Amino acid sequence: MNETFKFLKENTQVNYVSTINDGKPSCRPFGDPVLFDNKIYVITSKHKNVSKQIEKDNHVCIVAYDNENWIRINCELIDDSNNMAVKQAMIDEFDWMIEAGYTLDNPEFQVLYIANADSTIYDEDGNIISQYNF
């Protein structure tokens, strides 16, 4: 899990989360994850389509590229939005969150963690560098 987090947090600026939308793939950029309580967390807002898609089917694929290697994470995203401690950790990590409306009293502020993950890091030729399950 730590190598997966490091790749997403330190090696890339954007990672892409793919969901299923009415039977078709849908992909969008996500920002930095946060490591909290030995879990990798991401944020979104409950009014966004991605949140609604994850609610219907929480199996996602996350992909990121660091100009040399790339990662694919097939996993589930688990809603942990009642966890105020992780929300506070997110707010502490990113100074833009309060201004963007991600406050503890905002019911739209959603935190999700990666679970049941198969994470593989590849080189540019598609050769597997490392694999992790967590």
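**Briefing on the predicted model**

The largest nonpolar core has 21 residues, of which Val60, Ile62, Ile71, Ile73, Cys75, Leu77 and Ile114 touch the most other members. At least two residues of this core come from each of α1 (2–11), β4 (39–45), α2 (49–56), β5 (59–65), β6 (69–79) and β7 (109–123).

**Nonpolar cores**

- In soluble globular proteins, nonpolar side chains tend to be buried together.
- Isoleucine 73, one of the residues named above for the largest core, touches Thr4, Leu8, Val60, Cys61, Ile62, Ile114, Ala117, Asp118 and Ser119 when residues up to four places away in sequence are not counted.
- There is also a second, separate core of 13 residues, with Val34, Val86, Phe109 and Val111 among them.

- Strands β1 (residues 15–21) and β2 (residues 24–30) are paired in the antiparallel sense over seven bridges.
- Within this pairing, threonine 19 stands opposite serine 26 of β2.
- Two residues lie between β1 and β2 in the hairpin, and aspartate 22 is in the turn.

- Most residues other than glycine have a negative phi.
- Aspartate 22, in the loop between β1 and β2, has a positive phi near 50°.
- Aspartate 22 counts as exposed because its relative accessibility is 68%, above the cut-off of 50%.
- Asparagine 38, which is not a glycine either, has a positive phi of about 60° and is found in the loop between β3 (34–36) and β4.
- Asparagine 38 has a relative accessibility of 59% and therefore counts as exposed.

**Cysteines**

- How many disulfides does the model contain? The count comes to zero, where a disulfide would need two cysteine sulfur atoms within 2.5 Å.
- For cysteine 27, the closest cysteine sulfur is that of cysteine 61, at 8.2 Å, which is too far for a bond.
- Cysteine 27 counts as partly exposed, because its relative accessibility is 46%.
- For cysteine 75, the closest cysteine sulfur is again in cysteine 61, at 7.8 Å, so the distance is too far for a bond.
- Cysteine 75 has a relative accessibility of 4% and so counts as buried; this residue is also named among the members of the largest nonpolar core.

Key: Residues numbered from 1 in each chain as written. Predicted model: local features only at pLDDT ≥ 70, side-chain atom pairs only at ≥ 80, totals over all residues. Heavy atoms only, no water. Core = buried A, V, L, I, M, F, W, Y, C linked by side-chain atoms within 4.5 Å. Buried < 20%, exposed > 50% of the residue type's maximum accessible area, 1.4 Å probe, protein only. Helix = DSSP H or I, 4+ residues; strand = E, 2+ residues; numbered from the N terminus. Contact = heavy atoms within 4.5 Å. Pairing = 2+ DSSP bridges.
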